Amino acid sequence: MRLRKKPWISEAIKEYTSFVYLEPDASWPGNWRSIFNNGNTELHVELGTGKGLFIATIAAKYPHINFVGIEAQRDVLYYAAKKVDEQGLTNVRLVLLNINNLLEVFAENEVDCLYINFCDPWPKKRHAKRRLTHSLFLAKYKHVLKPQGKLFFKTDNEQLFEFSLNEFAANGLTVVNVTYDLHNSIYAEDNIPTEYELKFISRGMKIYRCEVIFP
């Protein structure tokens, strides 16, 4: 869903340019440890950060890990930046970027973990290649992830979940800790929700979740 653009955000977001990057830089790939410069060694990336509840919460919980949030919509990224700033988090960077361009941002084997939370299901068959769990995207993830790197995937869309499980299998990936009802499972206790997720569970909707290991 696209939000109505708010012209004032283009100027307001500049307040956060110490940790919000509005243009990719060719020097980034392979140098994220230097960019953070905080001694952390692990790098986790959320693909589609939205308004930032997930990344702000998980970064506060795990200060020894560095987190990068990728988001294509500037207006949405602004609200994520506000959350990060309000909590004074120093282990988060936010990048305005289309996920198609992921390889411009990270080097081979640089990322420890990826998160995809409630991405657009693109339900029409002709749009399958736009789904973030399509084989074309999985090839990009395999490139940037370290050996045995993980992808955590959550969705409210059962059809997308089944499609994704098939794509993971077709690409020789290992799928573990699968649940078709996250909030009534053993994984609920450690789950960190997103804004969309809170809306979905308030309506009694099921959340589908799995972890994918890249060889």
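Patches are made of residues with over 30% relative accessible area and no salt bridge, like charges being joined within 9 Å and nonpolar side chains (Val, Leu, Ile, Met, Phe, Trp, Tyr) within 5 Å. Lys and Arg count as positive, Asp and Glu as negative, while His and the chain ends are not counted. The model is predicted: local features need pLDDT of at least 70, side-chain atom pairs count only at pLDDT 80 or more, and totals for chains, interfaces and linings use all residues. Residues are numbered from 1 along each chain as its sequence is written, and side-chain values use heavy atoms, without hydrogens and water.

Lys6, Lys51, Lys199 and Arg203 form a positive surface patch. Of these, Lys51 is partly exposed at 36% relative accessible area (buried is under 20%, exposed over 50%, partly exposed in between, with a 1.4 Å probe and protein chains only).

The structure has six salt bridges, each a side-chain nitrogen of Lys or Arg within 4 Å of a carboxyl oxygen of Asp or Glu. The table gives some of them.

| Salt bridge | Closest N to O |
|---|---|
| Lys14 and Glu11 | 3.4 Å |
| Glu195 and Lys83 | 3.5 Å |

Lys146 is partly exposed, at 28% relative accessibility.

No disulfides (pairs of cysteine sulfur atoms within 2.5 Å) are found in the whole structure. The sulfur of Cys119 lies 11 Å from the closest cysteine sulfur, that of Cys210, which is too far for a bond. Cys119 is buried at 11% relative accessibility, and Cys210 is buried at 0%.

Key
Areas by Shrake-Rupley, 256 points an atom, 1.4 Å probe, with all protein chains shown as cover. Charge placed at Lys NZ, Arg CZ, Asp CG, Glu CD.
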